[in-house]
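The sequence and structure are shown first.

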Number of protein chains: 6
Amino acid sequence: MKTIDTMVDSILDSYENYGGINFTEAENFPNKETVISVLKDIQNLIFPGFSTAETLDRTNLKYSTGERVHRIVSTLTTETKKALLYICKTKQQNQTNCFGLAEKTVLSLIEHIPEIRRLAKLDAEAALENDPAASSIEEVILSYPGLEAIIVYRIAHFLQKNGVPIIPRIMTEYIHGKTGIDINPGATIGESFFIDHGTGVVIGETCIIGNNVKIYQGVTLGALSVAKELQNKKRHPTIEDNVTIYPGATILGGNTVIGENSIVGGNVWIIKSIPPNSKVKYKLADSAD
Amino acid sequence: MKTIDTMVDSILDSYENYGGINFTEAENFPNKETVISVLKDIQNLIFPGFSTAETLDRTNLKYSTGERVHRIVSTLTTETKKALLYICKTKQQNQTNCFGLAEKTVLSLIEHIPEIRRLAKLDAEAALENDPAASSIEEVILSYPGLEAIIVYRIAHFLQKNGVPIIPRIMTEYIHGKTGIDINPGATIGESFFIDHGTGVVIGETCIIGNNVKIYQGVTLGALSVAKELQNKKRHPTIEDNVTIYPGATILGGNTVIGENSIVGGNVWIIKSIPPNSKVKYKLADSAD
Amino acid sequence: MKTIDTMVDSILDSYENYGGINFTEAENFPNKETVISVLKDIQNLIFPGFSTAETLDRTNLKYSTGERVHRIVSTLTTETKKALLYICKTKQQNQTNCFGLAEKTVLSLIEHIPEIRRLAKLDAEAALENDPAASSIEEVILSYPGLEAIIVYRIAHFLQKNGVPIIPRIMTEYIHGKTGIDINPGATIGESFFIDHGTGVVIGETCIIGNNVKIYQGVTLGALSVAKELQNKKRHPTIEDNVTIYPGATILGGNTVIGENSIVGGNVWIIKSIPPNSKVKYKLADSAD
Amino acid sequence: MKTIDTMVDSILDSYENYGGINFTEAENFPNKETVISVLKDIQNLIFPGFSTAETLDRTNLKYSTGERVHRIVSTLTTETKKALLYICKTKQQNQTNCFGLAEKTVLSLIEHIPEIRRLAKLDAEAALENDPAASSIEEVILSYPGLEAIIVYRIAHFLQKNGVPIIPRIMTEYIHGKTGIDINPGATIGESFFIDHGTGVVIGETCIIGNNVKIYQGVTLGALSVAKELQNKKRHPTIEDNVTIYPGATILGGNTVIGENSIVGGNVWIIKSIPPNSKVKYKLADSAD
Amino acid sequence: MKTIDTMVDSILDSYENYGGINFTEAENFPNKETVISVLKDIQNLIFPGFSTAETLDRTNLKYSTGERVHRIVSTLTTETKKALLYICKTKQQNQTNCFGLAEKTVLSLIEHIPEIRRLAKLDAEAALENDPAASSIEEVILSYPGLEAIIVYRIAHFLQKNGVPIIPRIMTEYIHGKTGIDINPGATIGESFFIDHGTGVVIGETCIIGNNVKIYQGVTLGALSVAKELQNKKRHPTIEDNVTIYPGATILGGNTVIGENSIVGGNVWIIKSIPPNSKVKYKLADSAD
Amino acid sequence: MKTIDTMVDSILDSYENYGGINFTEAENFPNKETVISVLKDIQNLIFPGFSTAETLDRTNLKYSTGERVHRIVSTLTTETKKALLYICKTKQQNQTNCFGLAEKTVLSLIEHIPEIRRLAKLDAEAALENDPAASSIEEVILSYPGLEAIIVYRIAHFLQKNGVPIIPRIMTEYIHGKTGIDINPGATIGESFFIDHGTGVVIGETCIIGNNVKIYQGVTLGALSVAKELQNKKRHPTIEDNVTIYPGATILGGNTVIGENSIVGGNVWIIKSIPPNSKVKYKLADSAD
């Protein structure tokens, strides 16, 4: 067997040969740990005091909020610059403009926080109204993974829409790992969105979802084909206002539209549009005999 | 663009306008971090030495166990008081009684630990007997997410049954996030329960599950309707003793009973009762052509 | 109610009566925390700088890599000895040989790291080629849970193939919890493997998967029966080269072979072999009316 | 030899028999760790950014200062209440008044911080003027133990003068341990005070020191007698304005006054008053032959 | 200039050439960090709750004390074995006996803790009686460096007397650094010992000090000569019962005895014996003119 | 009383009015915490494994040493740049040159480490030879504060000699605080230097000390006058080879030379030169009556 020193050298060679190493000195990419840490800080800015044991009272709220905002701005701007560096080089853009974009975008996100809080409140109220098991807004904030996934999506979506690459995806994959709910940050989602249980939910990059939509565990809003040339094309469905989609339903295709006020039954498989006010039920007859 | 100070002020305004902030000085709710931390301590009390690198030997076991019990009692009583405060106020009950309930319930949980350990041992043995891949009880304790989810359910169920709100749900959502297994703490589950793989399993609040039941990944035991007025009604199925439910099966409705010794095939969709000793198979004929 | 001291004594009694305690002084099993910690170190050895905020530059790469390798060797050898102790006792083997195996196997793993990196690069390239949403190898490394699950499988599989019990399973269950992707470390998987979204994927112990296979969320490659006597028998399917399996498909049975270049549609249920170049579609006709 | 359990019991008996244990549930005294931690916070409030690696910029200074002030108020009030409890009980005072005093005193200290900073600046300037080795105010702040000891004295003296027991002494003993300079918090010290090197300096409880005084290492300003009945009597000397005292000098007695503008030579021993403008030299003649 | 790699190699060479490196694999010496950490644990065992913010109440005292004792036994035995290894090798003793001595000595120390607590209480009472500034036993425990130095001496002396090398000296040098009081662990010191202020106090290895002795800052009880051949000879003075020694006094020589009830004035220099009941005063006359 | 917000504003005003704040964005000075942390790293590079519980074996020594060296270079260069910034501005030097000096000096220090280790070994041997209480080099390394102070001096002196301001003084004041030994980094000290006990030792900036010098606690090598205009003049004594200076001796003045092989008795006060081979004794006659 080789000596450890020889093995170390082989590993070093494999860094040269196969890449896959994130050097600080070269084009340094963001790292997961830092991005997730700043995401948690933003989550705590949105619903302070529910996740961690911090002491919040009215006399120090201004200071602790200000500190948190500064910490978020500082850390997220640094990571955003790294994420943009790749684009700047690829598109041969001016780096100064590119870096200016990082600062501007992070500040816009902070400015957008009250709006995200308004949406988060509507999302939480939708859960309270639609789940018989929920008994207060606070219980929803404390224990509904669907709400947590939606809020992280709303943060990541804002960054993605404003031109930040990679970081939004790290954020949604973090919450995908934690909740089993996989919402692509590129999706467009309206107000008062409710996801129950959530494990296995997939919402694709070009989905458009209206207001007051409810979906359950295992629902896929996906693409009919995943050919690489479809990049940047609409390849995921549109869900109009007030639609409910029960567990395990699969709805595929960029031209598929579920009309408003429709109810989609559990486990169905849909690849063409459904008119408004429809009820799509699973055919049960011969499957349960 | 606004200055950071102005943005901080807007965020502070949004705390006033939309709530969603957990002040220490007012009705302070439990926080996730503390509840999850005490839950992990209880898990380590149930199977000591398997999760963390602590040193356990017979001469110090008494002291380390005693320390752990005191730490659990102290922390969980504090969080339980916060959880009960909300109920006390809503129901205009006497706060002293309400707080006395916190202490009493936490001590009952400690007294109940040997019984939870007896049940946990039966659950672990069920995994060992039913999974060809398992080769020892210790392997099951170390690597079966189903066992971990069941034990957390048993802890949370005890608290819920004894009147503690919110905390049981934070506990089961924590383990839902970690395992993809979503067992509502209100469900009633018998001895020797086995869940394999587990991702996507949903077991609703009013489910009743007998002894020696086995279920696989993606099984939903859910409600036919989620209308808010069904709160506190039985809306999830009953699974009798010795039933096996294969992956992806969906069983819905509060009156649906799966009779004892039945086998429910993968991916089936069941909304009415099944007599004892049935075998419900998925209809394969025309789906694979 | 009993005093706390009495309750502590009851818990101590239950350790005597029901076992389930991992004493340091007796046959001490590995613990999850340490195994997961060393696994993360190995993941960082494979793709350095992407997960954590460490400073990596060319002048110190040799030293930081050497330090990491030594730390991995030291910790993993200790845990592997614990895992092997159980086997040594059961099979009445010589402990010295058994412990020598621990050291030898861990060093072999280190020697195998460049090969795992070669495979990881191919897996990452497969994701980049097959997902329209992916725009660089670095983005795949940073945000694709499927890639992370596959790499952990490749590490765990190497250890399992070389006779290490329990630890490979702790590793794959850790990443199962994090990604919802459950790959048994015993499975055999070829090059350029791609899993998209991934939540709910189950790949059984005796699966054989060829090169260039793509699978989506909710796919089960499972056993038709889980009778204990099937232990060590091939009870999971074979997937040949260039097969694509869409979301929610279930493929069961040790004799079931999906022929090369086949496409398996979403949500299908397959329990017999499919010839090469097949397209198995879900029957949609009457379910979507 | 006894068993460990028996030894533990003997130690528990000795807690009963000899006391010396600080129970949380009874009259709980402050603890050193917490008092020293809050003292360091106050030191950082006085000269921010010199001791620790914190990030201070003008845009977040308001928030970080506000957070620090709130943290100091909260922690120091808690510890001060514990310190006052002892007095309240001994003097049979009303506890509410006593606790109100804690809050009021801590807030007074915060209000007094700008004045302490004004004095600290004068003390630092005195060091810069009097030590040939010093080249900037910042160097003095960063590396002169005398300045650190004087500032801690000024904080502790304020608390002691306002009736807080024990805590001031814990503070000055902490800095005594760190610098070898032992200033009793009861001493009265004027502006622009300079201590060089400092090891072995002792300044007693009832000392009165004027403005622009300079003292060197090993100087004792002590009592002639330490009889217990002298408690609360002036038993340490008075040093008037502009006096310099060289290394190792010992000045004792409550009636001893060193008149203004005097210079006291190294190693002298003084127990009676010295008129203004004196030069007291060590008699060298026959000691160095 | 050399490259960093070359510099690292030079440093590695200097480890070969000059030694001074503490290899884990060879004769591994104790390290300061671990010894000081276990010393702090012992200090907290002696006066629980005064140094750190731990929660101590009567119901968990047994468990927390038991845990602490086990932790001390385990860590201190490991370090003591390292310290004894050197002696075992030098004296060619049987290593098993030598290691047995480690365990036996550490258990004896634990057995001796109640006696150290009895002595510590007397030492604390001596401070309370003799210092006009002290107002309670708790204040003395919390803020008198002399008491802390004496207790550490009593712990270290017990270990040294029982044959443990190096560790006692690491302990007393730790407290020397913290208090400026340097008591050699070999010294013999009676009951009710009081050191005030303490900075600069030196008490040599073969000193013998009776009961009720009081000494002040800067007192040296030293050797007349430090010739290497005096190793293991009595070369430091004897101080009989009830003696008081004022600041800066120097008493030297192994045959020098300060008779009981004597008072030694500040800054005196004594190299021959003094009869009981003497008062040795500093000659002030011509030094203060 | 003012509100907390008003008090915070007053403190902010005092930052404006009195300075004394170390802004990150402006001329940022080094901070103590970071400088002390890197100093400890250098101390561990000099005597590895004695201070902390790290695992050192021959196979990983190269890697751990290399990592440590890189960490030291990186951190110390950053702090040195801050220290030099002040000088660059004051002297209106080119900042690039100034920063190049930082990197060059830190690398020179690393190159100088083997020489510092050679000197440290001689210093340790001097302690072993001269103290009857010492029994091995390792015991000296582990427990002699004099050796630790000398090594820190040698590190700081190298930096000071190479033009680095402030940082050397922070280093020597750290060890002054820990040992009571105050050696100015500007002093020039030969080989095989021994300080015993050490508390209260002061060695001034322009001292010159030869080889094989021994000094004891409380020795001052100081200036006769501290007038500011003496800055950069030799104002502290010269001690030639093989001189021994006993406790409490004070030697003052830039022209004072203690000739080689001389012995200076305890507590003497010297302000003029002493020829070689002298014995200066304290006059005891009339002080001890």
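## Conventions

Two residues are taken to be in contact if their C-beta atoms, placed from the backbone, lie within 7 Å. The model is predicted: local features need pLDDT of at least 70, side-chain atom pairs count only at pLDDT 80 or more, and totals for chains, interfaces and linings use all residues. Residues are numbered from 1 along each chain as its sequence is written, while chains are lettered from A and ligands numbered from 1 in the order in which they are written.

## Chain arrangement

Chain B and chain F do not touch, their nearest C-alpha atoms being 15 Å apart. Chain C and chain D likewise make no contact, with 15 Å between their nearest C-alpha atoms.

## Interface of chains D and F

In this interface, 57 residues of chain D are in contact with 50 residues of chain F. On the side of chain D, two or more residues come from each of helix 3 (58–90), helix 4 (95–130), helix 5 (137–143) and helix 7 (167–179); helices are DSSP runs of H or I with at least four residues, numbered from the N terminus. Helix 4 of chain D gives the largest share, 11 residues.

By class, the side of chain D that touches chain F has 23 nonpolar, 21 polar and 13 charged residues. Here Ala, Val, Leu, Ile, Met, Phe, Trp, Tyr, Cys and Pro count as nonpolar, Asp, Glu, Lys and Arg as charged, and the others, Gly among them, as polar.

## Domains of chain A

Chain A is divided into domain 1 (26–180) and domain 2 (187–289), with bounds from an automatic or database domain assignment. The C-alpha centres of domain 1 and domain 2 of chain A lie 26 Å apart. Their contact takes 14 residues from domain 1 and 11 residues from domain 2.

On the side of domain 1 of chain A, helix 4 (95–130) and helix 6 (145–161) each give two or more residues, and helix 4 of chain A provides the largest share, 6 residues. The residues on this side of domain 1 divide into 8 nonpolar, 4 polar and 2 charged.
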